[in-house]
Amino acid sequence: MATSRPKHTKDGTLYYEITVSRGRGQSRPTTKWYPPATWSQKAIDRELKKVEAEFERKVKSGEIVTKKEQIERKKQEAAALAEIMTFKRYCEEIYMPAFTVRCSENSRCNYQSNLNNWIYPAVGDCRITEVTPVQIEAIFTAMQQKKLAHATVVKVYTVFSGIFKKARKTGVIQSNPMELVDRPKPRKEEQKKKQPDTCSIEEVRYIWDCLEKEPLKWKTLIHLLIDTGMRRGECCGLRWQDVDFKNNTITICQTLNYTPDKGVYVDTTKNSKVWTIDVAPYVMKLLWQWKIEQSKTCFSQFVFTQNGSAEPMHPQSPYRRMKKFEQKYGIKDLHPHKLRHSYAS
């Protein structure tokens, strides 16, 4: 049965609080109805009866439920869905679409790669409610037996943790199996103290000597990485408008990334920050020489481009070039991030 009583807001506006009783021990759905200020009491009473009757009808038919009942209903729906939903279906239809909205394309691609390569083959066809800690730990063991880097194994652990945390929070599962899974530890040979992945002063001097025999584009790019500690994506995304020859500075405001799905694309820097760095005069001189040489074949907004083209250099190109460079001159483990570590040290 529906009942109502008049009330007033803080500013004196009249409204009626309508409540429907559903018997002892049952919650009482409530709503508010604001009559027009110009109505007479007789008109209000007549319309109020109609509003009460309609509200009571909706409550009895189940169209209107309390917030507590809404939460419980969603939990029941999630539990029912989980009974027939596989782990892969949950990831593809629920988790990944939401994750994609809040993460970068690079992160999404890495997550999807870990799912496709390691997680789906093992538990993709299992119901999400039936995936066990033993199955999860078996994946980590298999990865370690294949001598995969510890960082790779930890990434898969992180993916599992995020998925099951979300599933537990939304009521899809009643218990989180990751609560019984320890973070993977490095293999015995990985636990040995590792020397910092940097170049010594002697190695840097040797690289400088070797660069004198290299094309101007690569000579300039590698000198720039050594002098500034830029990431390779920031270097590939660098534009001439970001280079200030007058003040010997470079502004880093974007990066060039690549994923198999999206191809090469421009993105914001890590943490979306923009900053300006000082550059050694000899590197700025190399950049000016390279700008002149580049202009003979193309005009591009990007500093480092594909050969004879205005298109930016592929983000993987510096790594590939350095692998050839290290083989040619006998330099051990040379890669762009090693130069960044060397700059920091």
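1. Helices (H or I, at least four residues) are DSSP runs numbered from the N terminus, and residues are numbered from 1 along each chain as its sequence is written, in what is a predicted model where local features need pLDDT of at least 70, side-chain atom pairs count only at pLDDT 80 or more, and totals for chains, interfaces and linings use all residues. Side-chain values use heavy atoms, with hydrogens and water left out.

2. Helix α6, covering residues 150-169, gives the most to the positive patch, namely three residues. That surface patch is formed by Arg102, Lys165, Lys166 and Lys169, where a patch joins like charges within 9 Å among residues with over 30% relative accessible area and no salt bridge (a side-chain nitrogen of Lys or Arg within 4 Å of a carboxyl oxygen of Asp or Glu).

3. Lys165 lies in helix α6, and it counts as exposed because its relative accessibility is 60%, the cut-offs being over 50% for exposed and under 20% for buried, with a 1.4 Å probe and protein chains only.

4. Pro315 sits in the loop between α10 (281-295) and α11 (317-329) and is buried, at a relative accessible area of 6%. Leaving aside neighbours within four places in sequence, Pro315 is in contact (heavy atoms within 4.5 Å) with Arg232, Cys236, Leu256, Asn257, Tyr258 and Val264.

5. Gln112, in helix α4 (residues 105-123), is likewise buried, with a relative accessible area of 13%. Not counting residues up to four places away in sequence, Gln112 touches Glu92, Met96 and Tyr120.

Methods:
Patches are made of residues with over 30% relative accessible area and no salt bridge: like charges are joined within 9 Å, nonpolar side chains (Val, Leu, Ile, Met, Phe, Trp, Tyr) within 5 Å. Accessible areas come from the Shrake-Rupley method with a 1.4 Å probe; for residues, only the protein chains shown count as cover. Lys and Arg count as positive and Asp and Glu as negative; His and the chain ends are not counted. The place of a charge is taken as NZ of Lys, CZ of Arg, CG of Asp or CD of Glu. Helices (H or I, at least four residues) and strands (E, at least two) are DSSP runs, numbered from the N terminus.
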